[in-house]
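Good morning, everyone. Let's walk through one model together, piece by piece. Please look at the screen.

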Amino acid sequence: MNLLFICSQNKRRSLTAEKIFNGYNGHKAYSAGTESNSRIKVTPGLLKQADIIFCMEKKHVRRIREKYPDIVDGKKLICLNIHDDYEFMDRELQELLESYVYEYIS
């Protein structure tokens, strides 16, 4: 299964998620950001290949649905409600991600 994690700049939250879940149970994980200055910006191609899209905040879900309605229609789009309060690979962030995401991919 292809997992896509989205946050604002793809520098902390979504990148941490990609590192944690890439290869878990054979899943491929990718990450991207919604802002123009993102490390990797969300593209139609990334959205098309994703089986499940995990967004860190409601604003990310809204942006994706507004900009790419045809691509995400019918896809599983999940808001994790994880705010931008963590550094890359922060232990608490890892624990939150694991507790929220495993139920969808196990």
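First, a term: helices (H or I, at least four residues) and strands (E, at least two) are DSSP runs, numbered from the N terminus.

Now the ground rules. This is a predicted model, where local features need pLDDT of at least 70, side-chain atom pairs count only at pLDDT 80 or more, and totals for chains, interfaces and linings use all residues. Residues are numbered from 1 along each chain as its sequence is written, and side-chain values use heavy atoms, with hydrogens and water left out.

Start with the sheet. Two strands pair if DSSP finds at least two bridges between them. Here four strands form an open sheet in the order 2-1-3-4, and the pairing is parallel. Which strands stand at the edges? Strand 2 (28-33) and strand 4 (76-79) do. Each has a single partner strand, so one side of each is left without a neighbour in the sheet.

How far are neighbours turned? A word on angles: axes are lines fitted to C-alpha atoms, for helices over the stretch in contact, and angles run from 0 to 180 degrees between N-to-C directions. In this sheet, neighbouring strands are turned by 20° against each other on average, with direction ignored.

Now the pairs. Strand 1 (residues 2-7) is joined to strand 2 by six bridges. Leu 4 has Tyr 30 of strand 2 as its bridge partner. Strand 1 also pairs with strand 3 (residues 52-55), in the parallel sense, over four bridges. There, Leu 3 has Ile 52 as its partner, and Phe 5 has Phe 54. Strand 3 and strand 4 are parallel too, again with four bridges. Ile 53 stands opposite Leu 77 of strand 4.

What about burial? Buried means under 20% relative accessible area, exposed over 50%, partly exposed in between (1.4 Å probe, protein chains only). In strand 1, five of the six residues are buried. In a regular strand the side chains alternate between the two faces of the sheet. Look at strand 3: Ile 52 and Phe 54 point one way, Ile 53 and Cys 55 the other, and all are buried.

Next, a loop residue. Ser 38 sits between strand 2 and helix 2 (44-49). Is Ser 38 buried or exposed? Its relative accessible area is 12%, so Ser 38 is buried. Contact means heavy atoms within 4.5 Å. Not counting residues up to four places away in sequence, Ser 38 touches Ser 8, Gln 9 and Gly 33.

Helices next. Helix 3 (residues 58-67) lies across strands 1, 3 and 4, at about 150° to strand 4. Helix 5 also packs on the sheet, touching strand 1, strand 3 and strand 4, and its direction makes about 165° with that of strand 3.

Helix 5 (residues 91-105) has a helix partner as well: helix 1 (residues 13-21) packs on it at about 60°, with the axes 10 Å apart. The contact includes Ile 20 and Phe 21 of helix 1, and Glu 98 and Val 101 of helix 5.

Back to Glu 98, then. Leaving aside neighbours within four places in sequence, its contacts are Ile 20, Phe 21 and Arg 91. Glu 98 and Ile 20 are 78 residues apart in sequence, and 8.2 Å apart in space, C-alpha to C-alpha.
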